[in-house]
Amino acid sequence: MALYIDALSWRAGINTENPNTISTSIRKCLSLIADEMAKNGNDFVEIEDAETITEGGFKGRNPPDGKTWLQVLIETSVFRRDPPPYSNDIDPFYPPSELVRFSFQRFQDHLMAKSLVSKVVPNQINAAFDDGGPLNFLFYDGIPENGFRYEYAGLLSSLSTLYPEKFKLEFAKTLPNWEQHWERNQSLQESFVESFKWRCTDAFSEATQELLNRLDGHNVESLGLLLEVSMTVNHPFNALLLHSHLKQLKMPERDSYWTNWVNWASLEEFNQIERIVSWSLSIRGRSTDTKHLELASLVLAWALSSSHQKLRDRSTKALTTLFLENSSIFNFVLEQMHDCDDPYVIERLYAAAFGACCIDQSSERLGNYSHAIFAKVFSNKQPPVALLTRDYALGVIELTDSKGILSSDINLDDCYHPLGSDAPVFDLTEHEVEKIAKKVGDQQILSSASSEWGDYGKYSIPGRVNSFLTTPLNLPKPISQNELKRIFVAEVISPYPERVEALEKINEFNRLSANKFFNLLKSGAFDEGYEKISTLDNKRKIGARLHLESLLNEDELARLSEVYFRDGRGHEEFDSIDVQQCRLWITKRAYELGWNSTLFPMDGQARNYSRYDNEIERIGKKYQRIALDEIQARLADNFWALQGWSEEPCVYRYSNHDFRRNIEPTILPNDMQFTGQNTNTKDWIIEPIVKLPEVDENNLRQWPFEEDPTLSMRDKLIKINIKGQHWLVLHEFNIDKKKYDGPKQGLHGMRYEEFRFFYCVFLKQGKAKELANFLSTKCSLDVSSFRPIDFTDGPYLREVYWRNTWESEKFSEPLWESPEGCEFAVPVANYCWESHLDKSLPNGFSVYLPQKWFADELGISMSEKEPHIWLDKSQNVIVQAHQTIENRTAIVIKEETLLAYTRDFELEPVWLMIAERNTWPNGNNSGSCWRRSEGVMWLENGVWKESGWNKDTDN
């Protein structure tokens, strides 16, 4: 306020040697006007009285020529002139005076309150509201039972602020019959809320706590108020108190009280939790003191309990941003939260730390975080029974180890599964689980998770648990059914010619039956002939099997049934865990976590039922997710699993399979490199850009055939940057398309389009020409085999390539009927993270990048600042990608680097092109015309070779 008044003295435009004297006069004048308002119990002063008061305030000082001091103060916006209230009784010959008020209502309220408080006698404080008392005018007709006059709502707020500061009393509690006023007068509660935000930090008491707890929660919410002051340093009710209160509660009580509230509050416009999240996401690179970061980190940590996915995801990234801004914030919040009983919170706390380490891989951060995480998660041999939490914690330690700076006090082997949790007990029945559901008053968790008919039981649980096998880890690694059959044949059948002949007879009958089956399908006589043929074939097969069985002893017969024919069993290579028992276990565990209808009587009401676009999930679904994460951890600790390309049994290692991961922690939503806002797009990488010409409707059918893209393949393959350096395409997609203007025309409204694809593959030296000749002879490219390898919602972007979550083989299987030895390697991967698995990235994110084996052989790594750029050890750009947009993308490599690489590794690059020019006259498929152009290019002794062909269609 003092700063504001001093500024007014400058704005007044009064020339004086000492501006402070003007400021003193203004202060005196303001105080006198406020005193007059307080004395009369009005929020105004008549203009004549205001003139007299202001002249007195500036006594001994002359105003500017032609003006009064009141005019000066009105012109500088200290006061304003208002007309008198309208009345039918106004005498036009004797009109009432104009009124003077302060220009800023809050300023007036404070000064009036200050004047009024000075008139209150401390030892007779309740008398202030009596008839004739200084505060009696606040009530209608001066009668407290009539309630407060609405025009003094702001004054009540100021009084509610000054009373505790001066008298150490809450204004509301000094009122006669204060509890009745508190319940009936919303303005009184709102005044308390305003004072709660603005009063001095030493003006709080037990009475303050009592009034906070008495807020009705409809128009004024105590949690919302606590969030508003949560980041005020030294405020007794800031985030430290909120944290202390929430941590004392058990998870179900806290979810009923806090999580439900924050879920819905986060949907309101300009809500406080979103303000804290947004502030935290935007602070990187700013100068922010540690105390504010610590307070914000506590609020964000508790927001991680939310079942509102967008809030939870954005809070996770906001926490990561705080850690990046000040590394010690992680240590602070970890110490506060490490023993929290909510797995949702703990999981994302470590996710935020993992993200910070991946983004900033400095030795100081990695050493600090790995030491703290090992101490809290792995050192006591009892890590959280939560799969994703373990994965994030392990990731930090593995990243530190990959940099060669892992402390000798940390044993990396102690961080891998198995980690000692008990195996889930599978002896449940549906009836037992139904009884539990009935006891807690629920049907939603039961119907969602307990069977294949529920959304969670059908879509979420099987894919997460199917990879775990029934064989415990304390038994030898299980053998596949094919391998067991091979061993059976080798041991029991092959040594005996008669048995070999008998088994071959069975297999021959099986082959004949299959051929007959397909022939019937082709002939269309399946219904008439199948039953007759099937009966005859079954008799023959039964007879052949009986003959084989007659040649075997009892043990061999058992192996034949169990291993070779798998009687009564499925045809999977390994026996997987019982999915239905997992469903029942998860349902039961969700209830054990504390869900009941008393705490959550309206759980899931007014929500979106989409599995992919569900703003707020019910709390019961949160407990289902926690239970699923827990059972996966228990299975990982106790059973063999199938993971990776080989599908060989192994001890579970990472969460990048089976869509277990539910956020991309290594990408921040405010980073322009990931939001499409990066202006450094390097358009030369995608030039020449496909751009459709203007085509007259009469010439539309002829347009596709006016150009032959195969004649200019090399020009599009070689890119030249502004420095004149030559780059070669590893993959490119370029398209332009147009619809008919106006309302939809025809079947789909498309008019014409043009696109092109380039693919690069590597073959072993001497094989490029063979493959090119094979493809040219065939004149048909199926490019699905040459596409970049997709990594969707699996590995994290910034796990490249220090972590074995990026798996691929170098050479793929050869094309069908291609020459021997023409196996090829695809050097490019397509990383993609979808938005439904990270609501902080509304458009998801994708980028093309070199495959792991390719990057390793080139000796390059992704730039820490730009994920589209790959650098060698001297920080030279070797590979770079164009930022993916809807219509075009490309990834290129320095020509000299590629040629040197293929020479050193005895490889040959081959490029394949597919281009099309399509038209749809009148927006219909009938009458459509197109040219499909395909081609192949390669280098032969340093000389470019190419072959191309066109396929024209003119309907």
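Contact means heavy atoms within 4.5 Å, a term that several of the legends below rely on.

These legends describe a predicted model, in which local features need pLDDT of at least 70, side-chain atom pairs count only at pLDDT 80 or more, and totals for chains, interfaces and linings use all residues. Residues are numbered from 1 along each chain as its sequence is written, and side-chain values use heavy atoms, with hydrogens and water left out.

**View 1. The surroundings of Pro709.**
Let us begin with Pro709, which sits in the loop between helix H29 (672-675) and helix H30 (713-717). Helices (H or I, at least four residues) and strands (E, at least two) are DSSP runs, numbered from the N terminus. Setting aside neighbours within four places in sequence, Pro709 is in contact with Lys716, Met913, Ala915, Arg917, Arg931 and Ser933. Is Pro709 buried or exposed? With a relative accessible area of 5%, Pro709 is buried; here buried means under 20% relative accessible area, exposed means over 50%, and partly exposed is in between (1.4 Å probe, protein chains only). Pro709 and Arg932 are 223 residues apart in sequence, yet their C-alpha atoms are 9.2 Å apart in space.

**View 2. Arg932 and its partner Glu934.**
Stay with Arg932 for a moment, as it forms a salt bridge with Glu934. A salt bridge is a side-chain nitrogen of Lys or Arg within 4 Å of a carboxyl oxygen of Asp or Glu, and in this pair the closest N and O atoms are 2.6 Å apart. Glu934 is buried, with a relative accessible area of 1%, whereas Arg932 counts as partly exposed at 22%. Elsewhere, salt bridges that share partners join Asp391, Glu398, Arg661, Glu799 and Arg803 into one network.

**View 3. Arg101 and Asp43, a pair from distant parts of the chain.**
Which residue meets Arg101 in a salt bridge? The partner is Asp43, and the N to O distance between the two side chains is 3.5 Å. Arg101 belongs to strand S3 (residues 99-102), while Asp43 lies in the loop between helix H2 (19-40) and strand S1 (45-46), 58 residues apart from Arg101. Both residues of the pair are buried, and Arg101 has a relative accessible area of 14%. Apart from neighbours within four places in sequence, the contacts of Arg101 include Met37, Phe44, Val78 and Gln108. Asp89 gives another reference point: Arg101 and Asp89 are 12 residues apart in sequence and 23 Å apart in space, C-alpha to C-alpha.

**View 4. A salt bridge at Glu770.**
Here Glu770 pairs with Lys767 in a salt bridge, and the closest N and O atoms are 3.2 Å apart. Glu770 is partly exposed, with a relative accessible area of 34%. The structure as a whole holds 57 salt bridges.

**View 5. Two cis peptide bonds.**
Where can you find cis peptide bonds? One joins His417 and Pro418, with omega about 0°. Pro418 lies in the loop between helix H19 (387-402) and helix H20 (430-440). Another cis bond runs from Glu687 to Pro688, again with omega near 0°. Pro688 is in the loop between H29 and H30, where Pro709 is also found.

Ser77 has phi near 65°, a positive value in a residue other than glycine. Look for Ser77 in the loop between helix H4 (69-75) and strand S2 (79-82); it is partly exposed, with a relative accessible area of 29%. Glu906 has phi near 55°, also a positive value in a residue other than glycine. Its place is the loop between helix H33 (895-904) and strand S18 (907-919), and at 52% relative accessibility Glu906 counts as exposed.

**View 6. Stepping back to the entire protein.**
The protein has 33 helices and 20 strands, and buried residues make up 51% of its 955 residues. Its C-alpha atoms fill a box of roughly 125 × 70 × 65 Å, taken along the principal axes. Among contacts between residues at least 6 apart in sequence, 71% join residues at least 24 apart.
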